[in-house]
Amino acid sequence: MRRFLRPGHDPVRERLKRDLFQFNKTVEHGFPHQPSALGYSPFLHLMAIGTRSGAIKLYGAPGVEFMGLHEENNTVMQIHFIPDQCQLVTLLDDNSLHLWSLKQHSGASELREEHRFTLKGPPGSPPSATQITAVLPHSSREVLYLGTESGNIFVVELPSFRVLEDRTITSEAVLQRVPEKYCNRRSCELVEALREHPKNPDQILIGYSRGLIVLWDLQNNKATHHFLGSQQLENLYWQRDGSKFISCHYDGSYTQWPVSSDNRQPEPLENLVPYGPFPCKAISKIYWQTTKNGLPYIIFQGGMPRASYGDRHSISVVHGSQQTAFDFTSRVIDFFIIFGSEPTAEFDDPSAMVVLAEEELVVIDLKTAGWPAVHPPYLASLHCSAITCSHHVSNIPLKLWERIISAGSKQNIHYSNMPWPIDGGTNIAPDPPQRDLLLTGHEDGTVRFWDASGVCLRLLYKLSTVRVFLTDADPNENMNTLGEDEWPPLRKVGTFDPYSDDPRLGIQKIYLCKYSGYLTVAGTAGQVLVMELNDEDAEHVVDHAEADLLQDQEGYRWKGHEKLKTRDGPVRFEAGFQPFVLVQCQPPAVVTSLALHSEWKLVAFGTSHGFGLFDYQQKRQVFVKCTLHPSDQLALEGPLSRVKSLKKSLRQSFRRIRRSRVSSRKRRGGSGNASEVQEANAKFDQEALQEMELAPVQRKIEARSAEDSFTGFVRTLYFADTFLRDSSRHCPSLWAGTNGGTVYAFSLRVPPAERRMDEPVKAEQAKEIQLMHRAPVVGILVLDGRGTPLPEPLEVAHDLSKSPDMQGSHQLLVVSEEQLKVFTLPKVSSKLKLKLTALEGCRVRKVMVANFGSCKTDDYSENDLAVLTNLGDIQIISLPSLKLQIRYPCIRKEDVSGIASCVFTKYGQGFYLISPSEFERFSLSTKWLVEPRCVVDTPEVTSNNHVHNKSGMENAARKS
Amino acid sequence: EFRRFSLERSKPGKFEEFYGLLQHVHKIPNVDVLVGYTDIHGDLLPINNDDNYHKAVSTANPLLRIFIQRKEDADYSAFGTDTMTRKKNVLSNVLRPDNHKKKPHIVISMPQDFRPVSSIIDVDILPETHRRVRLYKYGTDKPLGFYIRDGSSVRVTPHGLEKVPGIFISRLVPGGLAQSTGLLAVNDEVLEVNGIEVSGKSLDQVTDMMIANSRNLIITVRPANQRNNVVRNSRTSGSSGQSTESSLPSSTPNILANFLQGEEESDEEDIIIEDSGEPQQIPKAAPTSESLESLTQIELLHESTQNGFLPSSEVNLNHSAGSISMEYEAQDSDHKSLEEDGTIITL
């Protein structure tokens, strides 16, 4: 009765499966979506970022990363590290406080939430009485001071969060000694800022929003000094020696105040509106940093003239006669200054400024002349232009790796050489097993090369395809390079620029041959570029060809976008990948599939109309094949023309507004900055969603037919050296799969190397298979006589793979969205199949062969298929027997863009976008795991007096 | 008017030739006629293709009595089939009272008219509140022609009545296969698709499953109109006795008795064009013992006999004369199912 056993119940196999497969989400790469708070510990040299979804992420030295998630999923408003501790406190927008700590477990540190607490007032008091606006972790590490909307300051004990009621500083007590006249004008103010005296831990500075500032003596529980500000207060900052402090205000001014024992109610030393005299926006945060040479650094956020520059997100740095207003492309969330934190040091001597903007992290080197930016090793803005596709290449040969890095380093000369200043913790993860590249294609026509070997996703090199084409976009690059007399002295920083000037430039498909260094990329307007790696700058002409994929189709009119115009004559390319062949598909529909064979020097490309093969050695088209059904009008006209989304046009109109604003900088007024665009987009999304919900949800049940639209859409292309016509002779072949379930196979004749330039490459159609279920073909693969997938081109030549078994019979695996089928070759007969949709209702979205090694023995590994379905599940299916091995839920099925963005690696890992700016990395393998593993040691606290690194603490800057 | 003539029993020839012979013998070369014969049970059965002609000849004992009627005044209802079929037709008559009135005017003669469009299957293993409908998409140009939607239904659970989400038929396209069968109606709840329970699956998943199975779609529904069940109740009293269960039989995917793997495979065959030649069906490679399908097929037969009922084809086996070859029988059973839906019996 053994034969009646269900497959997959073999205990030996079950054990082996446990040694091979394991699902883990290991690390998030990129920039957190919707950051909302920033904190820094000068003691641990760790930075913390909180998000609107309640996540907190800690970053130190490259590779040192921690992540935590608040259960509430509420916005993180403030983050404060406890001085000299591995602890931090977060304040959420539901007014709850959370204490997190870094603790060591089995050799590595982990971030854990320890306590939570919500401040409660006496019964019947309004919620504003306990609404926390400012948090001060006292240097004694024992208490937190909590400023509230009511003006009262509560004291809670750490780590228990017990309220010490007798130590509450009420606004009544504070106002007692304030002059009558001043007091009458302002009652009931919220606490805007709390700052501990840098030298005397018994004194704290309290700033109220209406302008009153008091110095409070904690020992005697009374105010010692009153500073009667007349402007609405935004923030406070102590000078290092405690003899002065500085306040910044809503009207764009800042004020210096002296603190001395002889004057209990001093007048301001200096009051300045840096970007006056016209009305200015608020300065929301300010730093005053002393230096050895006597000239302080004054660094403040905002304060721009309201009318002309009110929409700028700026931080100004003033040092003597030097002044720069760093201009960010997205809203500034918060920033901090890294400076000498030795308590004994006499001066601050700031070294770097770290700015968290809504869409990127920017670090400015303050020590080097010109204040250049520092290239961050992590938190890369993946979405500086929207990601349109990605491609992963495993195990890059060292030579290619070094050449890419060298090309990239030439692009990064404007960055500072400063070592990364946030260097807390120690990375104890083993070195990555191999060099992996992740290539992302972007909407603006660039391809970015990321080092995806380890925990830190680092930008190695950026390739732009724009130079090949003539676009109306270029000329105003120097818009922001200003003359000497420009005021304010704005300087654009950061890389985030989501505005693509020509959507046709968007990259849709990428293929890199790691052995030969040939790269092909294809884009939205049917452009296919073949590139070669060159270590030097070069100027050359790009060979240009057109591929008419419609051939003889009559009566057709393309209503989509036009093809891109090419530049005539030689074009100068910087070192790196330089295009030498451009093929433009006609009609210029988006390229939907792409394949390159570096050994045969052929590139194949497909669109919704057909596919073509191009010989990039002889620079000659080999053939084109139209796959279009003659009645498919929709595909003929181009999908964009009909289903142009309202959202897109909305975005474009905003883009236009923005562009015109940029060009006429002096124009007054105006609305619609980036955040407004986002708001509008969000609002539109919501409305669209509501509309969808109102419509009756109904699904049509109909069999697919040959007349359906977009059946000719080419989904996959594949090169294989296999037995296409008879079992005695194998030959090069090209396979194509369409949306309508058709598979075409062409036999190719590639001349031998010595006559490669003399004889043409020939192609002949050998087979056409129509799957009766007509589901889109998403993958084609040939298995050799041993059932192993054929190696990549040049893999065998580089001794990196066994040569395929050409003796046994080959098999063809066709993966459609609905089922997987194995056919014999060369005579096509069906051998095996696995139905997914009919049995489970899921459809294949992505499929890739992955090699899984056993974690127990080094000598066992096998190839399986990794399949991602439309439900977000990942299934591992054995080869060649097509048996389901295991299934893991991975992505929410509603997360369509996450599913669409998923890429698998050759060794059972994968990436998908969890937001426009973040890749989640996952692993299906027990053997290949890339995850952070790091230790944060508590540095010795040398002095036991309470004089600590004072103002380094990032105190409450309430965001407007 | 009677004629008597002889035929070579071992070489009956083709139906076309026989038809020509009849017309010749009766001297009515240009008159369309309907041919019938009486079988061993005394039922009047039609002869209109090679298969039933061969069967008629082979069962002649020794005389084959043939009835010839002019097509225009033919009485279709005169044809009768065996008892098994009669039962089922009672059901389809009751369920389709409208069709019953219209059907006699349809000329049923050549095999193409016998193309099945739908059938009710597994009547004997399903509770009477459920109906399992098979839609034959292949060979017709008709669209399946129905829509499904989300909804909720009330179930009896140990905790009392509970509202659970379900999938319902929301619309039938006029002229579509679903509507023309009369076996599916708006607001019928879909319980299974080709033997797979849909509970817990989203509308999109069920849609994808139905489309993936569209060439041979078997839907189990709980009809919105349950009034017809009374009739069926009285009729099924003699069946295997499982019909009184109030819930679906445990939903292993293989429980569909009539869902023979072989049949399912035959209409799934992909097409290959070699070197721009003629399209051909892709044959199956010799199955290996580790093939998943062969396993399930074995399992299927295994389980169904254990369950204490016989698939209908086997029922027919018992009925047929022992002299008939298996191959012949398989085709015969096929015809049986055709007749079930094609012929209408008046009570």
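Modeller: The discussion below moves from the interface to the sheets and then to the backbone. This is a predicted model, in which local features need pLDDT of at least 70, side-chain atom pairs count only at pLDDT 80 or more, and totals for chains, interfaces and linings use all residues. Residues are numbered from 1 along each chain as its sequence is written, chains are lettered from A and ligands numbered from 1 in the order in which they are written, and side-chain values use heavy atoms, with hydrogens and water left out.

Biologist: What is the area buried between chain B and chain A?

Modeller: The size of an interface is often given as the accessible area lost when the parts come together. Here that area, taken with a 1.4 Å probe and summed over both parts, is about 4,300 Å², and carbon and sulfur atoms give 53% of it. On the side of chain B, the greatest losses to chain A fall on B:D208, B:I211 and B:D270, together 12% of what that side buries. In terms of contact (heavy atoms within 4.5 Å), 50 residues of chain B meet 47 residues of chain A.

Biologist: How many salt bridges and polar contacts does the rule find across this interface?

Modeller: A salt bridge requires a side-chain nitrogen of Lys or Arg within 4 Å of a carboxyl oxygen of Asp or Glu. By that rule there are 4 between chain B and chain A. B:D208 also forms a salt bridge with A:R843, at 3.5 Å from N to O. A polar contact is a pair of N or O atoms within 3.5 Å; within protein, one must be able to donate a hydrogen and the other to accept it, and residues adjacent in sequence count only if both atoms are side-chain atoms. The interface has 15 residue pairs in polar contact, both residues at pLDDT 80 or more.

Biologist: Which element supplies the largest share of the side of chain B that touches chain A?

Modeller: Helices (H or I, at least four residues) and strands (E, at least two) are DSSP runs, numbered from the N terminus. The largest share, 9 residues, comes from α6(B). That side of chain B comprises 21 nonpolar, 10 polar and 19 charged residues, where Ala, Val, Leu, Ile, Met, Phe, Trp, Tyr, Cys and Pro count as nonpolar, Asp, Glu, Lys and Arg as charged, and the others, Gly among them, as polar.

Biologist: In which sense do β52 of chain A and β11(B) pair?

Modeller: Strands of a sheet pair through backbone hydrogen bonds, either parallel or antiparallel. Two strands count as paired if DSSP finds at least two bridges between them. β52 (residues 762-770) of chain A and β11(B) are antiparallel, over 4 bridges. Within this pairing, A:K767 lies opposite B:E274.

Key. Buried area = accessible area lost by both parts, 1.4 Å probe.
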